[in-house]
Amino acid sequence: MNIFGSSAFWKQTFVSLGYRDFRLVWSASMIHHLGEWMEMAGLLWFVQEMTGSTFLTSLMFFLRVVPMVVLSIPAGLIADRMSRRNLMIYSKGGTALLSVALAVLTLTGWVEYWHLVVISVLGSAATSINMPSRQAVIPNIVKREHLMNAISLDSSSMMSSRLIGAPLAGLLLAHTGVTYVFGLRAVSGLIAAALLIKIPRFDPVRNGPKSSPVEDLKMGWQYLKRETIVFALVGLFFLPMFSNLSYMGLLPAFATQVLQAGAWEYGLLQMAPGVGSALSLVSLAAVSQMRHKGYFLFSSAIVMGLAMIIFAYSRWLPLSMAMLMLVGGMNNAFMTVDSTLVQGMIPDDMRGRVMGWREMVRVFSPMGSLMAGVIADTAGGPPMGAAVVGAVTMVIPLVLIFLMPRMRRLD
């Protein structure tokens with residue numbers, strides 16, 4: 001019997017899309033991230049062409065991520081005090097306007113490197129509002145038994161959108177130029193914001209007396225210190241972020257310097273992790289219950305690091321794409337299982353703050369992008385930069401699996 005061809009399999013795989021509000025949130029996320037991946041691919045390619053420096057390209061990616069880290073805690077606090085729907089709408093609308101500015105600058109030829117830096121930082125700040133709000137609203141719109149399915153689909157909306165966004169960006173870069181990439185990014189943000197207008201406000205449920213923002217932040221930190229398993233799961237979110245964020249800035253150099261390829265092949269490299277994420281989506285979303293989640297977390301991180309090392313020394317495009325597919329699949333699987341465990345343990349009035357603290361873990365992950373860029377420019381080229389990222393991603397879980405026995409036993 002071919003379960004992948006059965007209607008029951010597909011119904012289980014996409015069961016969360018049966019909820020109208022989740023369907024709108026997921027669709028908005030897919031469309032938003034489609035444009036975001038297009039803009040990211042176009043921006044990195046454009047910077048590499050403009051400067052010829054792998055370090056400056058990695059620095060651009062670093063600066064695009066840092067505000068999301070710095071503002072994650074305030075954003076989580078806001079998500080526990082304001083309408084989560086409205087916050088998502090403001091975020092997506094703001095990023096769309098910034099993409100319009102980017103398109104105008106490139107169209108007129110006035111664009112300089114510092115323009116790209118400023119717009120990237122502002123766009124990242126707007127995105128920081130969206131992430132904890134979207135993650136916090138998911139348990140409000142699906143039943144508990146479908147939570148892992150919904151989180152899997154939500155996580156995959158970010159990575160799977162690369163399936164279209166990355167090759168489309170490569171095609172546009174090769175034939176029309178980067179201005180069209182930025183323009184389509186603006187359109188996607190506006191469409192996403194319009195979809196979210198149709199869902200309820202989803203104001204957070206607050207238990208107990210009203211408190212000040214500072215007190216709310218303290219309560220969130222005290223909760224994490226008290227719930228050690230939740231604290232550990234929040235900290236482990238560093239691994240997929242470090243791996244995913246570190247190699248992104250190297251891909252233009254890998255395409256042109258290592259694989260001797262052009263813009264179209266670069267788009268395929270950007271797409272490959274999205275393919276892996278989509279396959280991971282189908283596999284995890286179809287599983288209603290997973291046993292031994294703790295072991296799975298550590299195993300997926302180890303495989304992710306090993307695949308990155310193989311990618312670093314590949315000189316054959318199909319093998320490079322296959323390894324990036326594996327990295328994307330394991331990355332998505334790790335984030336899904338980690339999020340499912342965290343969301344299943346925390347109360348609703350703490351969701352925004354806990355998700356904000358989890359995003360704060362990204363404070364270390366952008367450093368990987370800079371580290372990889374410095375290594376690529378000074379000590380061995382892009383392959384050495386990617387290999388070091390893979391080694392770190394693989395060694396950390398190998399150590400933690402022995403140091404954290406309680407985590408291994410999580411189901």
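## How to read the model

Because the model is predicted, local features need pLDDT of at least 70 and side-chain atom pairs count only at pLDDT 80 or more, while totals for chains, interfaces and linings use all residues. Residues are numbered from 1 along each chain as its sequence is written, and side-chain values use heavy atoms, with hydrogens and water left out.

## The overall picture

Let's start with the whole protein. The model has 20 helices and 0 strands; here helices (H or I, at least four residues) and strands (E, at least two) are DSSP runs, numbered from the N terminus. Of the 411 residues, 61% are buried. Buried means under 20% relative accessible area, exposed means over 50%, and partly exposed is in between (1.4 Å probe, protein chains only).

The protein exposes about 15,800 Å², with carbon and sulfur atoms supplying 70% of that area. Accessible areas come from the Shrake-Rupley method with a 1.4 Å probe, and for residues only the protein chains shown count as cover. Among contacts with a separation of 6 or more, 87% join residues 24 or more positions apart, where contact means heavy atoms within 4.5 Å.

Next comes R84, in helix 5 (residues 84-108). R84 counts as buried, at 0% relative accessibility. Its side chain makes a polar contact with the side chain of N140, at 3.1 Å. A polar contact is a pair of N or O atoms within 3.5 Å; within protein, one must be able to donate a hydrogen and the other to accept it, and residues adjacent in sequence count only if both atoms are side-chain atoms.

N130 belongs to helix 6 (residues 113-141). This asparagine is buried too, with a relative accessible area of 1%. Setting aside residues up to four places away in sequence, N130 touches M88, S91 and K92.

## Helix 8 against helix 9

Helix 8 (residues 162-175) and helix 9 (residues 178-196) pack with their axes 7 Å apart, at an angle of about 140°. Axes are lines fitted to C-alpha atoms, for helices over the stretch in contact, and angles run from 0 to 180 degrees between N-to-C directions.

Helix 8 contributes L168, A169, L172 and L173 to the contact, and helix 9 contributes V178, Y180, V181 and L184. These residues divide into 8 nonpolar, no polar and no charged. In this scheme Ala, Val, Leu, Ile, Met, Phe, Trp, Tyr, Cys and Pro count as nonpolar, Asp, Glu, Lys and Arg as charged, and the others, Gly among them, as polar.

The buried residues are L251, P252, A253, F254, A255 and V258. Just after the helix, Q260 takes a positive phi of about 55°. Q260 lies in the loop between helix 13 and helix 14 (263-285), and is exposed, with a relative accessible area of 62%.

A search of the whole structure finds 2 aromatic pairs. One of them joins F254 and F311, whose ring centres are 4.6 Å apart with planes at 35°, so the pair is tilted. Rings of Phe, Tyr and Trp (its six-membered ring) pair if their centres lie within 6.5 Å; planes under 30 degrees apart count as stacked, over 60 as edge-to-face and the rest as tilted. F254 sits in helix 13 (residues 251-258) and F311 in helix 15 (residues 293-312), so the pair ties together parts that are 57 residues apart in sequence. F254 is buried at 1% relative accessibility, and F311 is buried at 1% as well.

M325, in helix 16 (residues 317-343), is partly exposed, with a relative accessible area of 28%. Its C-alpha atom is separated by 6.9 Å from that of G274, 51 residues apart along the chain. Leaving aside neighbours within four places in sequence, M325 is in contact with A272, P273, V275, G276 and L279.

Finally, look for I401 in helix 19 (residues 381-403). I401 is buried, with a relative accessible area of 15%. The C-alpha atoms of I401 and F298 are separated by 6.6 Å, with the two residues 103 residues apart along the chain.
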